[in-house]
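The stops below go chain by chain, then to the places where chains touch.

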Amino acid sequence: MKFALAVFGAPHSSQASASALRFAEAAVAMGHELVRVFFYHDAVYLANELTVAPQDEIDVATSWAEFASRTHVELAVCIAASLKRGIIDENESRRYSKAASSLNPAFRVVGLGQLIEASMAADRVVTFAA
Amino acid sequence: MGTLHIVNKPATRGGFARCLAVASANDHVLFIEDGVYCALPAVLAGARREDLLLHALGTDVHARGIDVLVSPQVEVIDERRFVDLVVACRPIVTWS
Amino acid sequence: MNKKRILILVRSPPYAGATSYETLEAVLVAGVFEQAVTVVFMDDGVFQLVRNQDTGELGVRNVGKGLRALDTYDVKELYVDGASLQQRGLTAADLEVPAKPVDAVHIGNLIRLNDVVLTS
């Protein structure tokens with residue numbers, strides 16, 4: 001089956017991104033397809049490259065990046081939600097004359113339409129809320 | 001095809017009550033994250049519904065140390081069974 | 001591409017943060033993609049419908065005004081939970097956009113009829 005995952009909860013203040021990853025790992029291991037994982041609202045903070053995780057915890061962002069690299073599942077962050085939260089790639093950083101860029105390259109910045117497109121293409125949509 | 005209701009917060013937040021008010025008979029309810037606290041017998045006693053299939057995600061139950069406290073009415077499941085529930089149900093609704 | 005039936009359950013008040021307006025934008029985009037969109041306002045989400053919202057001083061986008069755009073984007077299936085209104089002392093006269101009153105049973109039916117449900 002084809003799944004689309006919508007992740008809405010922020011890392012650190014919710015388990016949303018961690019729960020979604022465990023679901024994603026199981027789904028792929030069972031032979032299902034993930035059309036896209038779409039991060040919206042505060043979940044876009046997961047795509048901040050500049051975080052340093054404590055040694056004794058699983059770094060969820062790194063784990064997602066490894067998962068994506070292994071499975072080629074697209075990790076999409078909404079551009080509007082990202083920009084307002086300071087998750088910004090090099091191009092946008094130059095465009096807005098910001099001091100730095102912050103986007104984890106494992107994540108792709110896309111328009112909100114990709115959430116709807118993923119919902120259209122998938123058999124099931126699962127939301128991991130705040 | 002039944003609906004899968006995912007509850008991710010404790011009962012005090014109101015999401016579980018909402019879920020109970022609108023769920024249809026034979027729908028599945030899966031408690032994840034802090035929602036697993038809804039799986040305690042004292043909380044379920046107030047639920048006044050016997051026609052829903054209740055599940056709780058083991059990883060979250062275990063993290064919170066409530067393995068032996070979870071109501072026998074609730075099936076503790078792993079992530080693979082979570083995937084199976086998603087396959088078997090549509091739509092999937094998350095209640096916070 | 002498939003046309004899906006997408007239901008959005010709006011349960012949060014309008015100005016707690018960016019989430020409400022972002023949800024509204026998702027609804028509008030779903031309309032642009034010509035999906036069959038239904039929105040149910042319930043719990044504190046009914047406050048999003050209250051008329052005369054004026055966010056000029058707060059400096060944030062006006063959710064009530066944004067909801068008026070739904071019709072233009074062909075999102076016309078708007079419902080409001082009667083019990084949530086009543087618990088908050090609100091009536092249809094207090095609301096910005098027309099939304100059909102529903103009860104819990106009806107909301108349950110709407111859930112069953114849709115392919116995708118997003119909650120906010």
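Start by selecting chain B, which has 4 helices and 5 strands. Here helices (H or I, at least four residues) and strands (E, at least two) are DSSP runs, numbered from the N terminus. Follow chain B along its sequence and the pattern reads β-α-β-α-β-α-β-α-β. Its C-alpha trace spans about 35 × 30 × 20 Å along the principal axes. A compact globule of 96 residues would have a radius of gyration near 12 Å, and chain B agrees, with 12 Å. That radius is taken over C-alpha atoms, and the globule rule is 2.2 Å times the number of residues to the power 0.38.

Before moving on, note how to read the labels and the model: residues are numbered from 1 along each chain as its sequence is written, and chains are lettered from A and ligands numbered from 1 in the order in which they are written. This is a predicted model, in which local features need pLDDT of at least 70 and side-chain atom pairs count only at pLDDT 80 or more, while totals for chains, interfaces and linings use all residues. The model scores ipTM 0.97 and pTM 0.97.

**Chain C**

Select chain C next. It has 4 helices and 5 strands, and along the sequence they follow the pattern β-α-β-α-β-α-β-α-β. The radius of gyration of chain C is 14 Å, close to the 14 Å that the globule rule gives for 120 residues, so chain C is as compact as a globular protein of that length. The C-alpha trace spans about 45 × 30 × 20 Å along its principal axes. Colour chain C by pLDDT (the predictor's confidence in each residue, from 0 to 100): the average is 96, and 99% of the residues score at least 70.

**Chain A**

Now select chain A, which has 5 helices and 5 strands. Its pattern along the sequence is β-α-β-α-β-α-α-β-α-β. The C-alpha atoms of chain A fill a box of roughly 45 × 35 × 25 Å, taken along the principal axes.

Within chain A, select residues 16–29 (helix H1) and residues 60–71 (helix H2); they pack at an angle of about 25 degrees, with their axes 10 Å apart. Axes are lines fitted to C-alpha atoms, for helices over the stretch in contact, and angles run from 0 to 180 degrees between N-to-C directions. How are H1(A) and H2(A) oriented to each other? They are roughly parallel, a term for angles under 35 degrees.

Show the side chains where the two helices meet. On H1(A), the residues include Leu21(A) and Val28(A), and on H2(A) they include Trp64(A) and Phe67(A). Contact means that the C-beta atoms of two residues, placed from the backbone, lie within 7 Å. By class, this contact of H1(A) with H2(A) has 7 nonpolar, 3 polar and 1 charged residues. Ala, Val, Leu, Ile, Met, Phe, Trp, Tyr, Cys and Pro count as nonpolar, Asp, Glu, Lys and Arg as charged, and the others, Gly among them, as polar.

**Where chains touch**

Show chains A and C together: 15 residues from chain A and 16 residues from chain C make the contact. On the side of chain A, helix H3 (79–84), helix H5 (113–121) and strand E5 (124–128) each supply at least two residues. The largest share, 6 residues, comes from H5(A).

Finally, show chains A and B: 14 residues of chain B are in contact with 16 residues of chain A. On chain B, select helix H4 (79–88) and strand E5 (92–95), the elements that give two or more residues to this side. H4(B) provides the largest share, 6 residues. This side of chain B has 6 nonpolar, 4 polar and 4 charged residues.

Notes. Angles under 35 degrees count as roughly parallel, over 145 as roughly antiparallel, 65 to 115 as roughly perpendicular and the rest as oblique.
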